[in-house]
Amino acid sequence: MKPKLVKTLAGKVVIKYRCFKCGDKLVSPLDDAGLKDTCPNCNTNFVVPDRVCRQLLSQWTKRYSSGLSNAVHGLIKLLQLI
Ligand SMILES: [Zn+2]
């Protein structure tokens, strides 16, 4: 499964993806993209996918350019700096 960006009911954007080793479903806040994390199921260390998130965000920007909140704009700027 490819990582997906999902907007929660609270308006936060999270990354949904699977552990590459055990396939467990994982969710991380977008803020954690590119950071190291550990799978709670198999204790594998991995990096929260960020490249794909940047691609998805740029798609979002094109699609929702008028409706994006300032918070998401801020995150896009942040991710472009990585
Ligand atoms: Zn795992």
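Residues are numbered from 1 along each chain as its sequence is written. Because the model is predicted, local features need pLDDT of at least 70, side-chain atom pairs count only at pLDDT 80 or more, and totals for chains, interfaces and linings use all residues.

**Overall layout**

The chain has five strands and two helices. Helices (H or I, at least four residues) and strands (E, at least two) are DSSP runs, numbered from the N terminus. Along the sequence the pattern is β-β-β-β-β-α-α. Of the 82 residues in the chain, 11% are buried. Buried means 20 or more other C-beta atoms within 10 Å of the residue's own; exposed means 12 or fewer; partly exposed lies in between, with C-beta atoms placed from the backbone. Among contacts with a separation of 6 or more, 25% join residues 24 or more positions apart. A contact needs C-beta atoms, placed from the backbone, within 7 Å.

**The sheet**

S1, S2 and S3 form an open sheet in that order, with antiparallel pairing. Strands pair if DSSP finds at least two bridges between them. S1 and S3 (25-29) stand at the edges with a single partner strand each, so one side of each has no neighbour in the sheet. Neighbouring strands are turned by 30 degrees against each other on average, direction ignored. Those angles are taken between axes, which are lines fitted to C-alpha atoms (for helices over the stretch in contact); angles run from 0 to 180 degrees between N-to-C directions.

S1 (residues 4-7) and S2 (residues 13-18) are antiparallel and joined by four bridges. They form a hairpin with five residues between them. Gly11, in the turn, has a positive phi of about 90 degrees. Two of the bridge pairs are listed here.

| Residue | Bridge partner in S2 |
|---|---|
| Val6 | Val14 |
| Lys7 | Val13 |

**The core**

The largest nonpolar core has seven residues: Val13, Ile15, Tyr17, Leu30, Ala33, Cys53 and Leu57. Such a core is a set of buried Ala, Val, Leu, Ile, Met, Phe, Trp, Tyr and Cys residues joined through C-beta atoms within 7 Å. S2 and helix H1 (51-63) each supply at least two residues. The largest share, three residues, comes from S2. Not counting residues up to four places away in sequence, Ala33 touches Ile15, Val48, Pro49, Asp50, Cys53 and Leu79.

**Asn43**

Asn43 lies in the loop between S4 (36-38) and S5 (45-47). Its phi is positive, near 65 degrees. Most residues other than glycine have a negative phi. Asn43 counts as exposed because it has 10 C-beta neighbours inside 10 Å.

Note on methods: Two residues are in contact if their C-beta atoms, placed from the backbone, lie within 7 Å.
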